[in-house]
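Hi there,

Here is the structure I promised to pass on. Have a look at it first, and my notes follow below.

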Amino acid sequence: MQDAEKGYPTQKFLLSIDLNRVAKWLRMMGFDAAVIPAISVSELIRRTITEDRILLTRSIKLSKDKRPFTRILVHSDDHLEQLKEILSSLHPDEKYFFTRCLCCNRPLYLIQKEKVIGLVPDRVYAKYHEYFVCRYCGRFYWTGTHWDTMRKKIADILALR
C-alpha cells in the first residue's frame with residue numbers, strides 16, 4: 001500500500017451493480033471503479049462521458065448503443081473470469097495496488113500506528129506497523145495475511161489473462 005497522493009491509473013470505470021464483485025478487485029489494483037445503482041440508460045451514458053469513465057456492462061443491448069462512449073461488454077458470469085476479460089486490455093501497475101478503499105472506492109492514506117490504537121483489534125495492533133485509512137468511510141487497512149492472500153490471487157489472475 002502507499003499514500004494516495006502518489007496518483008492512480010488513468011483508466012476509471014463505471015460498473016452496474018451486477019458487477020460489484022469485479023469492482024472490488026479493480027479497486028485492489030488501484031483503479032477507480034464506481035458502482036452505480038439502477039439508473040436510466042441515458043443517465044448511465046451521461047455519467048460515463050462526463051466523468052471520463054469506461055462503462056463495464058453485461059448488457060448486450062447497452063453495449064450496442066449507438067451513442068459515442070467507451071464501454072466493455074463483460075461476458076462471463078464468474079467474477080474472476082469477468083476480471084480476466086477486463087484486464088486483457090489493461091496494464092495494471094503494482095505500485096497502485098491497495099491504494100483505494102475496497103468498500104467506497106476513495107483513496108487510502110497512511111496513518112500513524114499510534115492513531116489506530118483501540119480502533120483495530122489488539123492482536124493486529126501488536127503484530128503490524130503500517131496502517132492506512134479511508135478518510136471517507138473510516139475503514140482501516142494493514143498489510144496482514146488477508147493482504148498477502150489477495151496479492152497472490154491478483155498475481156495468479158494477471159498471469160492467466
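**What I found**

Val-35 touches Leu-15, Ser-16, Ile-17, Asn-20, Ala-23 and Arg-27, leaving aside residues up to four places away in sequence. Please keep in mind that this is a predicted model. Val-35 itself lies in strand 2, and with a relative accessibility of 23% it counts as partly exposed, because the cut-off for buried is under 20%. Between the C-alpha atoms of Val-35 and Leu-19 there are 7.8 Å, although these two are 16 residues apart along the chain.

Next, helix 2, which spans residues 41-50. Its buried residues are Leu-44, Ile-45 and Thr-48. They sit on the same side of helix 2, because they cover an arc of only 95° around the axis. As a reminder, an α-helix has 3.6 residues a turn, so residues three or four places apart point the same way. The cover over the buried residues of helix 2 includes strand 1 (12-16), strand 2 (32-36), strand 3 (54-57) and helix 3 (60-63). After helix 2 comes Asp-52, which has a positive phi, near 50°.

Finally, a helix pair. Helix 1 (residues 20-28) and helix 4 (residues 79-87) have axes that come within 9 Å and cross at roughly 55°, which makes helix 1 oblique to helix 4. The crossing is right-handed. Helix 1 contributes Arg-21, Val-22, Trp-25 and Leu-26 to the contact, while helix 4 brings His-79, Leu-80, Gln-82, Leu-83, Ile-86 and Leu-87. By class, that contact has seven nonpolar, two polar and one charged residues.

Best wishes

Definitions and conventions. Residues are numbered from 1 along each chain as its sequence is written. This is a predicted model: local features need pLDDT of at least 70, side-chain atom pairs count only at pLDDT 80 or more; totals for chains, interfaces and linings use all residues. Side-chain values use heavy atoms; hydrogens and water are left out. Buried means under 20% relative accessible area, exposed over 50%, partly exposed in between (1.4 Å probe, protein chains only). Helices (H or I, at least four residues) and strands (E, at least two) are DSSP runs, numbered from the N terminus. The arc is that of the directions from the helix axis to the C-beta atoms. Contact means heavy atoms within 4.5 Å. Axes are lines fitted to C-alpha atoms, for helices over the stretch in contact, and angles run from 0 to 180 degrees between N-to-C directions. Angles under 35 degrees count as roughly parallel, over 145 as roughly antiparallel, 65 to 115 as roughly perpendicular and the rest as oblique. A crossing is left-handed if the near helix is turned anticlockwise from the far one by less than a right angle, and right-handed if clockwise. Ala, Val, Leu, Ile, Met, Phe, Trp, Tyr, Cys and Pro count as nonpolar, Asp, Glu, Lys and Arg as charged, and the others, Gly among them, as polar.
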